[in-house]
Amino acid sequence: MKTLQKFGLGIFLTGLMLFCSLIFLGKYQLTHQEFDALIAEKGIKSDLFIANINSKVTDKAFSGPFEFSKRVISALEEANKVHRKKREWSKVIWDKPHSFSYEVSKKAGKGMIPNNKGWFWFLTFGLGIIGSLLYIIPNLITLGPPGIKNNNIYFDSSTNRGFMGWSVFIFLVSFYVLLYFFPDYIVNWTYIVDPISQSISGNLASQWFLYGFLYCVVMTVMAIRMYIKYRNNKYQILRTTSVLFFQIVFAFLIPEILVRFEKPWYDFKNAFPLDYDFFFSWNLNSLISSGGFGLFILVWGIVLTLVIVPVMVYFFGKRWYCSWVCGCGGLAETLGDPYRHLSNKSIGAWKLERWLVHGVLAFAIVMTGFTLYTYFSGTSAILGIKTQSIQSTYGFLIGSVFAGVIGTGFYPIFGNRVWCRFGCPLAAYLGLVQRFKSRFRITTNGGQCISCGNCSTYCEMGIDVRAYAQKGQNIVRSSCVGCGVCSAVCPRGVLKLENGPVANRTHLPNFPLGNTLD
Ligand code: SF4
Ligand code: SF4
């Protein structure tokens with residue numbers, strides 16, 4: 001079995017290395033016809049930019065994306081500088097330079113990768129999937145008798161912040177930096193998923209389609225690992241299936257199919273303020289101009305946030321969303337499961353968590369207030385502060401850096417719920433309802449606790465579960481996402497996730513425990 005697993009690891013790493021090397025390969029050559037098509041599509045009015053591209057880029061061959069992108073961006077910035085100086089606002093190209101360069105690169109890619117999309121898909125995604133399954137599935141045979149095994153978790157360098165952990169961290173952070181800030185460097189990755197994108201939405205793949213597809217693949221493979229690891233725990237199997245379903249159907253397929261029918265791209269489960277740009281003017285305008293269906297989305301988005309989310313948290317706690325529905329939670333629970341013990345359990349981390357997560361919620365609410373005020377009043381600023389700058393700051397700091405680069409990139413260092421615990425404004429909102437008005441709690445049969453600490457070790461939200469268990473005190477914490485792993489790993493059956501009357505749910509028991517002699 002070990003040999004088979006090593007073989008699988010080898011295949012996986014081959015696929016991964018090929019995937020990474022695609023960045024540096026390929027040929028880029030923009031023809032005049034392609035450039036003319038781009039000018040028409042984007043309504044570009046800058047003669048200067050057109051002249052710059054014609055002299056620096058068109059009909060020249062570039063190997064790799066870097067020089068090509070550099071020339072496109074310099075053509076764009078030079079033209080924009082002149083137009084801004086002359087206040088020729090209609091000629092300015094407002095796109096972000098690397099996003100614009102992505103669109104040009106997507107048209108300009110030539111050679112073996114765009115011509116052999118299927119083969120490159122197999123050599124990267126295909127080998128990655130086959131290799132991972134060969135590594136994971138033998139565990140079904142070698143795990144032995146029922147029980148959740150975390151054997152050697154603190155001795156394995158990939159899960160103890162060792163060399164492998166840091167390598168995965170560097171890979172993940174680099175991936176997110178490229179995805180969010182340098183999409184023009186990863187055009188080759190998007191070519192290999194073009195056929196899948198075209199078959200679902202009818203369009204060529206963007207970097208966001210690539211991300212959505214990769215997200216679903218990674219979650220599916222790691223969900224198989226979850227099914228094997230937690231195979232005797234019905235709660236874990238059901239919620240893993242649930243997050244997988246919501247990710248593939250709601251976050252990936254339905255939005256792409258909507259695009260095929262010329263409707264707005266929309267993830268019906270993504271509630272505001274996690275969906276922070278829901279009330280941005282471009283989104284409101286797009287929904288309003290899409291007729292009845294757009295208005296339905298608008299009403300659904302508001303009802304989801306103001307009614308469905310809090311009512312469901314009242315009945316079931318935030319677990320219904322964070323551990324059963326949410327895409328961020330879904331990735332944390334599948335890809336992130338091997339890192340759950342790395343969450344910081346200190347009081348300092350708890351304090352930081354409360355400041356940060358509620359700070360992000362306040363930021364999101366203030367930004368949305370400003371946005372709606374400017375939308376309805378027709379102004380562009382309040383108290384001299386431009387709404388656009390607040391939105392850009394939030395999008396960069398929270399939407400990209402916190403949610404993406406830190407939120408997932410830091411799994412191997414800070415545990416799998418960095419974003420959910422420290423940054424997600426929706427988690428903060430759900431947490432407030434859970435803490436003050438919910439039927440959810442984890443009950444503890446303290447007399448049975450042997451203080452082994454398994455529950456605290458594997459709590460991904462950094463909750464010191466054992467401290468509550470030792471006192472026999474119910475756990476009602478705003479951050480608990482109800483993953484149920486504390487209960488699953490407890491050898492004494494001390495912990496139980498329950499819904500019950502709100503009154504007295506946080507109280508200590510009024511019967512004596514072995515450890516409350518006084
Ligand atoms: S307390 Fe238990 S159920 Fe809540 S987040 Fe921690 S491990 Fe999951
Ligand atoms: S896992 Fe169970 S027995 Fe161990 S410390 Fe936690 S509650 Fe106590």
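Mentor: In this predicted model, the loop between α8 (139-142) and α9 (163-181) contains R161. The phi angle of R161 is near 60°, a positive value in a residue other than glycine. Most residues other than glycine have a negative phi. R161 counts as partly exposed, because its relative accessibility of 38% falls between the cut-offs of 20% for buried and 50% for exposed.

A positive phi is also found at S451, where the angle is near 55° and the residue is again not a glycine. S451 belongs to the loop between β6 (440-444) and α23. With a relative accessible area of 31%, S451 is partly exposed. The loop between β6 and α23 also holds G446. G446 is buried, since its relative accessibility is 6%, and the limit for that class is under 20%. From G446 to R466 the sequence separation is 20 residues, and the C-alpha to C-alpha distance is 9.3 Å.

C486 is part of helix α25 (residues 485-489) and is buried, at a relative accessible area of 7%.

With several cysteines named, the question of disulfides follows. A disulfide is a covalent bond between the sulfur atoms of two cysteines. A search of the whole structure returns 0 disulfides.

Ligand 2 has 14 residues around it, of which C449, C452, G453, C455 and C490 come nearest. The elements that contribute two or more residues to this shell are α23 (454-457) and α24 (465-471).

The backbone has another feature to note, in the peptide bond from F272 to P273. That bond is cis, with omega near 5°. Most peptide bonds are trans. P273 is located in the loop between α13 and α14.

Aromatic contacts come next. A pair of aromatic rings is described by the distance of the centres and the angle of the planes. The structure has 48 aromatic pairs. One of them joins Y180 and F181: the ring centres are 6.2 Å apart and the planes meet at 45°, so the pair is tilted. F181 is partly exposed, at a relative accessible area of 25%.

A second pair, F268 with F293, is edge-to-face, with 6.4 Å from centre to centre and 70° between the planes. This pair links distant parts of the chain, 25 residues apart: F268 is in the loop between α13 (234-260) and α14 (281-288), while F293 is in helix α15 (residues 291-316). The loop that holds P273 thus also supplies F268 to this pair. The two partners fall into separate accessibility classes. F268 counts as buried because its relative accessibility is 12%, whereas F293 is partly exposed, with a relative accessible area of 27%.

G404 is placed in helix α19 (residues 387-409). Its relative accessible area is 1%, so G404 is buried. Between G404 and I50 there are 354 residues of sequence separation, and their C-alpha atoms are 35 Å apart.

Note on methods: Residues are numbered from 1 along each chain as its sequence is written. Chains are lettered from A and ligands numbered from 1 in the order in which they are written. This is a predicted model: local features need pLDDT of at least 70, side-chain atom pairs count only at pLDDT 80 or more; totals for chains, interfaces and linings use all residues. Side-chain values use heavy atoms; hydrogens and water are left out. A disulfide is a pair of cysteine sulfur atoms within 2.5 Å. Rings of Phe, Tyr and Trp (its six-membered ring) pair if their centres lie within 6.5 Å; planes under 30 degrees apart count as stacked, over 60 as edge-to-face and the rest as tilted. Buried means under 20% relative accessible area, exposed over 50%, partly exposed in between (1.4 Å probe, protein chains only). Helices (H or I, at least four residues) and strands (E, at least two) are DSSP runs, numbered from the N terminus. A residue is near a molecule or strand if one of its heavy atoms lies within 4 Å of it.
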